[in-house]
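Subject: Structure handover

Hello,

I am passing this structure on to you. Please look through it first; my notes on what was found follow below.

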Amino acid sequence: MCLSHAVLDDDYRQYQQALLGAGLLVSSGVPGVYGLSGLFEGIVEAFERYVTRMGQHLTPEVIRFPPLLSRETYLRTDHIETFPDLMGSVHSFVGNEGDHLRLVQKKENGEAWTENLEPTDVMLVPAACYPLYPAAANTTLPEEGRVVDLRAFVFRHEPSPDPARMQTFRQREYVTLGTAEQALAHRDYWLKRGEELLGALGLDVKPVIANDPFFGRGGRVMAATQKEQALKYELVAPIASTEKLTAISSSNCHLDHFGREFNIKTPDGQFAHTACIGFGLERITLALLKKHGFDPATWPSETRSLLEI
Ligand code: ZN
């Protein structure tokens, strides 16, 4: 581990301890999996209401998907090719009473027991908008396209001492499905709007062109292409470290990737383009706590009035 990593790790652990000590995060014993206090959750809820107000004029459809995705759909999203190390697969016990006895015996003997589990029909959702595309499969969009408001718990297998890098967290998204122009306009609109609405809360955010952490050598090529085509922007802010900023919001253009895979068409028969803006609810809450302190009663009056807290 190089020195800068070690320093960064210290920053992470220090801020993690401060949050645990204040009772804002509740340890589960697993890195990156926390309970959240009432105060923390209250900020999440206030921010969500704020985002709802900021998107009201778009009259989005509201859909809430569970944190599970059909395994069959999962396989159609390219996730297994691009982020195999982040996936979450749900397994369960399938067997008779004899198999069950052997399973329990293995557990009691301290032996490996998970090899007896079978994959179920579901995977954990890796990004809040993934369940939307199969739900829109084989449809033709209206002239004006669709704008959908989503929120879901997502899972990423990346245990870390950084309190902002949780293994499961909520994303609030506005997604559009439409023509290439509509998708790009949505992305550009929300990139600017997102910066404004987070900035208005007193957060020091800035947009950066980003890339996803695609897996392996092939992934590095994909990441370079994604960056070159400016398909992903992140709004970054300080959380645990003031040197290494954390993405608290990201906007993505998927071109016609999902439109093609799920056969979603525009009225003129083209494959739909899709774009989304996602707000990381726990990360935004952490950024607010970092910026304004652990007691919302002492936050600047403008932040409090915008959040109506
Ligand atoms: Zn998305």
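The zinc ion has as its protein donors Cys129 (SG), Glu173 (OE), Glu173 (OE) and Cys276 (SG), at 2.3 to 2.7 Å from the ion. Please keep in mind that this is a predicted model. The angles among the four donor atoms run from 51 to 123°, and the zinc site is irregular. A site counts as tetrahedral only if all angles lie between 85 and 135 degrees. Along the sequence, the spacing of the donor residues is C-x43-E-x102-C. Cys129 sits in the loop between strand S6 (117-124) and helix H6 (132-135), while Glu173 belongs to strand S8 (residues 168-178), so this pair ties together parts 44 residues apart in sequence. Both Cys129 and Glu173 are buried.

The other notes concern helix H2 (residues 38-55) and two helices that pack with it.

With helix H7 (residues 180-199), the axes come within 12 Å and cross at roughly 135°. H2 and H7 are therefore oblique to each other, and their crossing is right-handed. Phe47, Tyr50, Met54 and Gly55 of H2 meet Trp190, Arg193, Leu197 and Leu198 of H7.

With helix H10 (residues 281-292), H2 packs at an angle of about 110°, and the two axes are 9 Å apart. H2 and H10 are therefore roughly perpendicular to each other. On the H2 side, the residues in contact are Phe40, Ile43, Val44, Phe47 and Glu48; they meet Leu281, Glu282, Ile284, Thr285, Leu286, Leu288 and Leu289 in H10.

Regards

How values were computed
Residues are numbered from 1 along each chain as its sequence is written. This is a predicted model: local features need pLDDT of at least 70, side-chain atom pairs count only at pLDDT 80 or more; totals for chains, interfaces and linings use all residues. Side-chain values use heavy atoms; hydrogens and water are left out. Donors are N, O and S atoms within 2.8 Å of the metal (3.2 Å for Na, K and Ca); water is not among the atoms, so sites may look incomplete. Four donors count as tetrahedral if all angles lie between 85 and 135 degrees; four count as square planar and six as octahedral if opposite donors are over 155 degrees apart and all others between 65 and 115; anything else is irregular. Helices (H or I, at least four residues) and strands (E, at least two) are DSSP runs, numbered from the N terminus. Buried means under 20% relative accessible area, exposed over 50%, partly exposed in between (1.4 Å probe, protein chains only). Axes are lines fitted to C-alpha atoms, for helices over the stretch in contact, and angles run from 0 to 180 degrees between N-to-C directions. Angles under 35 degrees count as roughly parallel, over 145 as roughly antiparallel, 65 to 115 as roughly perpendicular and the rest as oblique. A crossing is left-handed if the near helix is turned anticlockwise from the far one by less than a right angle, and right-handed if clockwise. Contact means heavy atoms within 4.5 Å.
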